[in-house]
Amino acid sequence: MHTTETPMLKLIGRSLAVMALALSVSLTAQAQFSLATGTAGSATGGTSIDATDTAITAPASPAGKPLQPSIADLAAAQNLAKTGSDAPPPDAAPLRSPARVSAPNQFQRFVQETTGRLLPVYGSDLFSNPQNYAANTAVPAPDNYILGPGDQVQLQVSGPQDFNTTLVLDRNGQVNLPKVGPVSLAGVAVRDLEQTLTSHLGKVFTNFKASASLGRLRGIQVYVVGQAQQPGTFQLSSLSTLVNALFASGGPSANGSMRAIQLKRGGKTITTIDLYDFIAKGDKSRDLPLLAGDVIVIPPVGPRVAVAGAFDQAAIYELKPGSTSVADILNLGGGVPALAKSKKALLERINPDSTPARSVKEIVLNTQGLQSNLQDGDVLMLLDISPAFANAVTLQGVVAERIRSSWFDGMRILDLIPDREALITPDYYKRKNVLVQKGESIKDAADKSKEAGAQIDTRIRSMVDQINWEYAVIERLDRDKLSTQLIPFNLGKAVVQKDPAHNLALLPGDVVTILSQTDLRLPQERQSRLVRLEGEVAAPGVYQTLPGETLPQLIKRIGGLTPQAYVFGTELNRESVKTRQQANLDTLIRRLEAQSQSQQGSLVANRNNTGAADQTAVILQLQQAQLKSQIERLKSFKSNGRLSLELDPRNPNLAALPDLPLEDGDRILVPSIPGYVAAFGSVNNENMFIYRNGKTVGDVIKSAGLTEDAEPDQAFVLRADGSIIARNDRSGWFGSNFESVPMMPGDTLVVPAQMDRESRYNAIIRGFKDWTQILANLGLGVAALNSL
């Protein structure tokens, strides 16, 4: 069906086409200008739109045919999109990959073979992040900024007629002022912009006020050629300078010069910049603003030297045209370091006319030496100062201050350690201060109070470092033999008694070491021994024992026993015994773990067989699980360190205690008389039974009863004093001798269970001969027997 277009439809269609085309042209122009200037808005902020992501199609006519805009429509669209200039936007900046890292140049590899280090090129790390040195287009343009084609001007006029407009300099540098016409602004500085516009507007308007500012800035195209990391064409902001362009290109390559970079304009060299002045001094006097079409030339690197060794800025340096001294190069890195030898430095030099071509000479880093001129290929090696002290004596060990003291002629031990206060370590005072620290909750304070009483012996022992007064030593270097001499002396006689024979003379470089009593094992009489005595004694507490003092002597010294004391049940736990018992227990655990691994291998081998071997594999698997469980339980036990006193039950009094010298860390408990005996192990009634005078082993067996898996041959009595009476030590099947053994208060009858004779674990346990050895060698109580 034929449809006739009405004038109104034609007008609407043409209007829509004009609007769509105008928006498309405007968005495209904005996107191109944003890419060209490298900004996302005006000099004071803005938003960019990517025209490639926007597609606008003219609407179709009512008849379904695309509308064909007329020449007048296109002109209207162009006028709508026009921003005051018919100049095309600058080209978009090419996409750049991150700056490449140049491969080491030939001179770097040469220096690496000489020094063992790959030295960087001085200043190259500055170009690792070029974005940090891009021109900041968000700040206002400076007053001396010169306007050019593409710059945008924001004009505001107030007066009889108010209007705001945006002006863009066309390719001729002109703008079209309302009612004034074309005005040339190219070459006008920002500081003169407002005055220039006011002058032209005054030709038409009166009684008005004009305000002008820069909007979006133009982009410029420059060229970077020569030995650059990324030579090529760059689109930069019109605010960019020579240094900005260098950073945009990644800077000079490893073979490019940093000291003779040229800026060419119109075929002439405008300036030559030395980047060393910019890096080391911040000098930008030769860093000029760029104009469109500028060419930056990075020539090949000039003569180079290397500085290595005791120098923080160890690197490859380029020599300045002309003469460059040692001081000139060292000043770039802060001058001569304090940690470098000033009286000696090594200068390696290349002389192609000599054979061999390389030589080395020593220079002094004084005024004359620093003025020495460097040559291409030189390697300057700064040497570290010696760590030796010319006049120091060192005091270390258990002292108040570990110091390096100044030596003087005639210095002796008492000059270094004048009194006892010099031997009290700071930790002593810190530990004392912790005792009264507040701020915790009431519960924490109560717990601390309980802990302070329960661990008073441990705290006292660790509070102060016990000095070895009989031995201290001077370490002295024998410079003739280059060996260390040890010169011992008696610290107590030197410091306390002021004995001149032990107040030895000191020399520079001596090291005086003060030892504690734990550094060397001392004779018993010189050791500080703290023991803990508890229970039924006149004054329970922590005591410092006298040399060679025994348990009966200590109890007598503090006032003796109470009437309720049960001497036969006295417990003596000793750290040295505990250490040996724990070692035996650890050995047993390691043997069982090795057996477990062996049994695991047998289990894997049996799984590869069939038939009757399946039953064996099941048995091994069960034994393996049982063995692992037993090992884990064993690991949870700790030896108690109890020492069997082997007392005579018929004469339990203070005189019956053995004359055993006490050791540091001993814990003695004298219990009260218990009213029970116990039965443990494979008995029907594992319990405690009231003790009556005359009760025997047979009475306890009768009261407790034996289970079916009991092994009576291994039965024994664990005495209250820690000793053991074994069944197999006496004749007969529970003969009269064993059954008639009288039980003492606190004694325990132990009846072990029968062992599985096929278990290798039990074979290892039987290697201890009997259960009595397990209790004695491993330091375990009867509660651990179930795990064994």
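This is a predicted model: local features need pLDDT of at least 70, side-chain atom pairs count only at pLDDT 80 or more; totals for chains, interfaces and linings use all residues.

Student: Got it. How many bridges join β16 to β17?
Tutor: Four, and the two strands run antiparallel. Strands here are DSSP runs of type E with at least two residues, helices are H or I runs of at least four, and both are numbered from the N terminus. Two strands pair if DSSP finds at least two bridges between them.

Student: And what order do the strands take in that open sheet?
Tutor: The five strands go β17-β16-β20-β18-β19, with mixed pairing. At the edges sit β17 (403-406) and β19 (483-489), each pairing on one side only. From one strand to the next, the twist averages 25°, where axes are lines fitted to C-alpha atoms (for helices, over the stretch in contact) and angles run from 0 to 180 degrees between N-to-C directions.

Student: What about β13, which strands does it pair with?
Tutor: Strand β13 (residues 340-350) is joined to β15 (residues 379-384) by five bridges, antiparallel, and Ala 345 stands opposite Leu 382 in β15. With β14 (residues 358-363), β13 pairs over six bridges, also in the antiparallel sense. There, Glu 348 has Val 360 in β14 as its bridge partner.

Student: Switching to rings: how many aromatic pairs are there?
Tutor: Eight, counting Phe, Tyr and Trp rings (the six-membered one for Trp) with centres within 6.5 Å; planes under 30 degrees apart are stacked, over 60 edge-to-face, and the rest tilted. One of them is Phe 163 with Phe 205, a tilted pair at 6.0 Å centre to centre and 45° between the planes.

Student: Why does that pair tie together parts that are apart in sequence?
Tutor: Because Phe 163 lies in strand β2 (residues 163-168) and Phe 205 in the loop between α4 (190-201) and β5 (209-214), the pair ties together parts 42 residues apart in sequence. Phe 205 also forms an edge-to-face pair with Phe 208, at 6.3 Å centre to centre and 65° between the planes.

Student: Are Phe 163 and Phe 205 buried or exposed?
Tutor: Phe 163 is buried at 18% relative accessible area, and Phe 205 is buried at 11%. Buried means under 20%, exposed over 50%, and partly exposed in between, using a 1.4 Å probe and protein chains only. Phe 208, at 22%, is partly exposed.

Student: Nice. Which residues of helix α17 are buried?
Tutor: In α17 (residues 697-704) they are Val 697, Gly 698, Val 700, Ile 701 and Ala 704. Those residues are on the same side of α17, because they cover an arc of only 160° around the axis, taken from the directions from the helix axis to the C-beta atoms. Gly 705 follows α17 with a positive phi, near 75°.

Student: Last one: what pLDDT does the protein average?
Tutor: The average is 79, and 75% of the residues score at least 70; pLDDT is the predictor's confidence in each residue, from 0 to 100. Over residues 731-735 pLDDT is below 50, and that stretch has twelve contacts beyond near neighbours in sequence, a contact being heavy atoms within 4.5 Å.

Definitions and conventions: Residues are numbered from 1 along each chain as its sequence is written. Side-chain values use heavy atoms; hydrogens and water are left out.
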